[in-house]
Amino acid sequence: MSRRTQSLVLSGLAVLLFAVLYLEYRPQDAAPTISAASGSFEPLPVENPALRLDLLDRLKKFQYEGSHRNIFSASLPPPVSTAPLVPVAPAKPIAPPPPPGPPPLVVPATFFGYVTDARTGARRAFFNDTDNVYVVAVGETLLGRFRLVQIGNSTAEMEEVSSGRRTTLTMTEEPGPS
């Protein structure tokens, strides 16, 4: 674009800006007038337009009977005593029930057997979850969370590493191929 074309476009945009600003902020005419061409004036239907002095007198005689307190003061209002309190023998405090213990430890694997090494006499337990079989010796961890503490003839004692809670798993029969 040449310099002359740029200046023409700029001046055109400036004129357009002034036109939009004038239309937006131009002085408005006086308030709109309502013509009475639609009909004659009809007042609202009121049964008795007289001033109700009895209601005004009742409002003038009204006395507030609540507590009188300075709302700008941060202090508490004085306590309201309506009737003398009867002394009551102190009741024996009831201790709240102890909180429930932690839920039982659940190992997401099943213990289905063990083997004893003939040379060393060390036992290794067999565990499985849905697809995997794990062979774990005493002191090793299962699934990174549970340590095998002891292997019995039909049980395996497991300990959760993070909390130290223990549970005993009983041996289940692994279904053989049919």
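**Labels and the values behind them**

Modeller: Start in strand E6, where Glu-160 is the bridge partner of Phe-146. One caution: this is a predicted model.

Colleague: How do you know that E5 and E6 pair?

Modeller: Pairing needs at least two bridges. Five bridges join E5 to strand E6 (residues 155-160), and the two run antiparallel. A hairpin of three residues joins E5 to E6.

Colleague: What makes strand E4 a partner of E5?

Modeller: Two bridges join E4 (residues 141-142) to E5 (residues 146-151). The rule asks for at least two, so E4 and E5 count as paired. They run antiparallel. Thr-141 stands opposite Arg-147 in E5.

Colleague: And E6 with E7?

Modeller: Five bridges join them, again in an antiparallel run. Met-158 faces Thr-167 of E7 across that pairing.

Colleague: Which order do the four strands take?

Modeller: The order is E4-E5-E6-E7, in an open sheet with antiparallel pairing. E4 and strand E7 (166-170) are at the edges, because each has a single partner strand. So one side of each is left without a neighbour in the sheet.

Colleague: What about the sheet of three strands?

Modeller: That open sheet has the order E1-E2-E3, with antiparallel pairing. E1 and strand E3 (133-137) each have a single partner strand, so they stand at the edges. From one strand to the next, the twist averages 25 degrees. Six bridges join E1 to E2. Thr-110 stands opposite Asn-128 in E2.

Colleague: How many aromatic pairs does the ring rule give?

Modeller: The count is two.

Colleague: Why is the pair of Phe-111 and Phe-127 called tilted?

Modeller: The ring centres are 5.5 Å apart, and the planes stand at 40 degrees. Phe-111 lies in strand E1 (residues 110-116) and Phe-127 in strand E2 (residues 123-128), so the pair ties together parts 16 residues apart in sequence. Phe-111 and Phe-127 are buried.

Colleague: Why is the pair of Phe-112 and Phe-126 called stacked?

Modeller: Here the centres are 6.0 Å apart and the planes are at 25 degrees. Stacked needs planes under 30 degrees apart. Therefore the pair of Phe-112 and Phe-126 is stacked. Phe-112 lies in E1 and Phe-126 in E2, so this pair ties together parts 14 residues apart in sequence.

Colleague: Is Phe-126 buried or partly exposed?

Modeller: Partly exposed, with a relative accessible area of 23%. Buried means under 20% and exposed over 50%. So 23% puts Phe-126 in between.

Colleague: What makes Glu-159 buried?

Modeller: Its relative accessible area is 16%. The cut-off is under 20%, so Glu-159 counts as buried. Glu-159 is found in strand E6. Leaving out residues up to four places away in sequence, Glu-159 touches Arg-145, Phe-146, Arg-147, Val-149, Gly-164, Arg-165 and Arg-166.

Colleague: Why is Leu-143 called partly exposed?

Modeller: Its relative accessibility is 37%.

Colleague: Which residues touch the most other members of the largest nonpolar core?

Modeller: Val-107, Phe-111, Phe-127, Leu-142, Leu-148 and Met-158, out of 14 residues in that core. E2, E5 and E6 are the elements that give two or more residues to this core. E5 gives the most, with three residues.

Colleague: What does Val-107 touch, residues up to four places away in sequence left out?

Modeller: Val-107 touches Leu-142, Phe-146, Met-158, Thr-167 and Leu-169. Leu-142 and Met-158 are also among the core residues that touch the most other members.

Conventions
Residues are numbered from 1 along each chain as its sequence is written. This is a predicted model: local features need pLDDT of at least 70, side-chain atom pairs count only at pLDDT 80 or more; totals for chains, interfaces and linings use all residues. Side-chain values use heavy atoms; hydrogens and water are left out. Rings of Phe, Tyr and Trp (its six-membered ring) pair if their centres lie within 6.5 Å; planes under 30 degrees apart count as stacked, over 60 as edge-to-face and the rest as tilted. Buried means under 20% relative accessible area, exposed over 50%, partly exposed in between (1.4 Å probe, protein chains only). Axes are lines fitted to C-alpha atoms, for helices over the stretch in contact, and angles run from 0 to 180 degrees between N-to-C directions. Contact means heavy atoms within 4.5 Å. A nonpolar core is a set of buried Ala, Val, Leu, Ile, Met, Phe, Trp, Tyr and Cys residues joined through side-chain atoms within 4.5 Å.
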